[in-house]
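Reader: Hi! Could you walk me through this one? I'm new to reading structures.

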Amino acid sequence: MFTKFTFREALLQLTRNRGRSIIMVFVSLLLCGCIAFYLGNITSSEQALASINESTPAILNICNAFGETRENLTIPTVYVDLLTAGGGLRDMELTCQAAGAFSQEARDVDQRYFNGGDTELLGISCPEAMCSTEAERVLDQRYITYLDGYGPEIFATKEPLCIISEDYAESHGLELGDDLSIPIYIRKYDSWLRPAYYAMFDDSTWGGDDYEIPPDWTLKVVGTFSHKLNATRTADVYLPVGWMRETVDSQDLPITDYRHRLMPFSYSTCRATLINSLELNAYKRKLLDMGFGIPFFIVLEKQDPLPDRSKGTSIWMEDKDFIKTAEKLAGTIRMYRTFMAPFFITVILLVTMAVLLVLRGARIDMAISMSLGRERRAVALVHLTAALLAQGLGCIGALPLIAVPAGLSPVVGGLICGSFLLCALIGDLAGLWGLLRFDPMDLLIKTD
């Protein structure tokens, strides 16, 4: 039924009744803008919720059973291995505190009862681990100078490499590419969070002497850093924590004296980011299934004896910001979706009202066409096509003004146009049905 003649006649109606057409275009532009605003808010909220993993992710920390500290802990490797094997985490930051005696004076003083030496060491899994969990991420890696062929990735290896502070290098006459030979004592903590040191021995130097001096471990200096680095976990030497763990775990030493026998390797801190923070509650249940305690979920007073304060056996989630942001965005999306049906019904009613008011003056033309033998539905189709053309022009005019500045994608732009034109079609049909319910001859007689 739709022919080229119908289309040409619809175009004629547009140009012949410019006032009506302009009113229809502006009404359509306004309504299309309202739809763009409505759908744009839903889309932007959904995009913000989807990208919250990058902007405000939930952070996992291992803490003690009381949830009072995430630093200076003794974290068994089995807990870190459980988290790694369980998946769902990225950017894991691990540290292991240690110390050493570089100068002969420090070696002589600490030969039997090591108490910190003159060198602070920290094993890390990535440069970001140089900052504590409480601190802002202020690390400026531009102040680290690496030897050619090396970079931040050295901390993810199991190689005996290290970077040292510029002051430490100057004091001990070290340069890039030199070897740093030093005995290493891993620092652990007792139940009162007091430090204790355990020497790293190897199979070839263990002789059974209660006061045997541990061997020197050789680390290649592949970088130096300035104090401007702003690391909050300060140390003279940073080295790969993976090398420390592998070195300790690979030894088969007799348990003879607790002062010289390094107990099973442990980490000092553990921090990681959830891959999908939107599944936070499910991941927390998974942690409980793994055997982790979550602070304040455990009634510590009923445990006898009380847990060791130095043991990292529980989980502390940094998720307040994530939960607050996610709940706000989810609430916004729910609100918009709840009122979506009433909103589009209102748009359809407004289109219907616009058609009734704008085309009311065209009833005489309709009556004349029908009195000359034109079918009612053919007349209706011409005016429907003309209305849709005017509304389409308004829709096209609205998109550059609204969608482009808001940064909406072409898909969203197409959704806006499609939604409006569907509402317009329904409103046009309802409006024309109301307009065409008249007898042509009665209307012409009354007009005369």
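Reader: What is the mean pLDDT of the protein chain?

Author: The mean is 78, and 72% of the residues reach 70 or more. pLDDT is the predictor's confidence in each residue, from 0 to 100. This is a predicted model, where local features need pLDDT of at least 70, side-chain atom pairs count only at pLDDT 80 or more, and totals for chains, interfaces and linings use all residues. Residues are numbered from 1 along each chain as its sequence is written, and side-chain values use heavy atoms, with hydrogens and water left out.

Reader: Which element has the lowest mean pLDDT?

Author: That is helix H14 (residues 440-447), at 54, while strand E11 (residues 237-240) has the highest, 96. Helices (H or I, at least four residues) and strands (E, at least two) are DSSP runs, numbered from the N terminus.

Reader: New topic! How many salt bridges are there?

Author: A search of the whole structure gives 11. A salt bridge is a side-chain nitrogen of Lys or Arg within 4 Å of a carboxyl oxygen of Asp or Glu. One of them joins Arg233 and Glu71, 2.7 Å from N to O.

Reader: Where do those two residues lie?

Author: Arg233 is in the loop between strands E10 (217-225) and E11, and Glu71 in the loop between strands E1 (59-63) and E2 (75-76), so the pair ties together parts 162 residues apart in sequence.

Reader: Is Arg233 buried or exposed?

Author: Arg233 is buried, at 10% relative accessible area, and Glu71 is buried at 16%. Buried means under 20%, exposed over 50%, partly exposed in between (1.4 Å probe, protein chains only).

Reader: Which residues form a network of salt bridges?

Author: Arg70, Glu93, Arg271 and Glu318 are linked that way.
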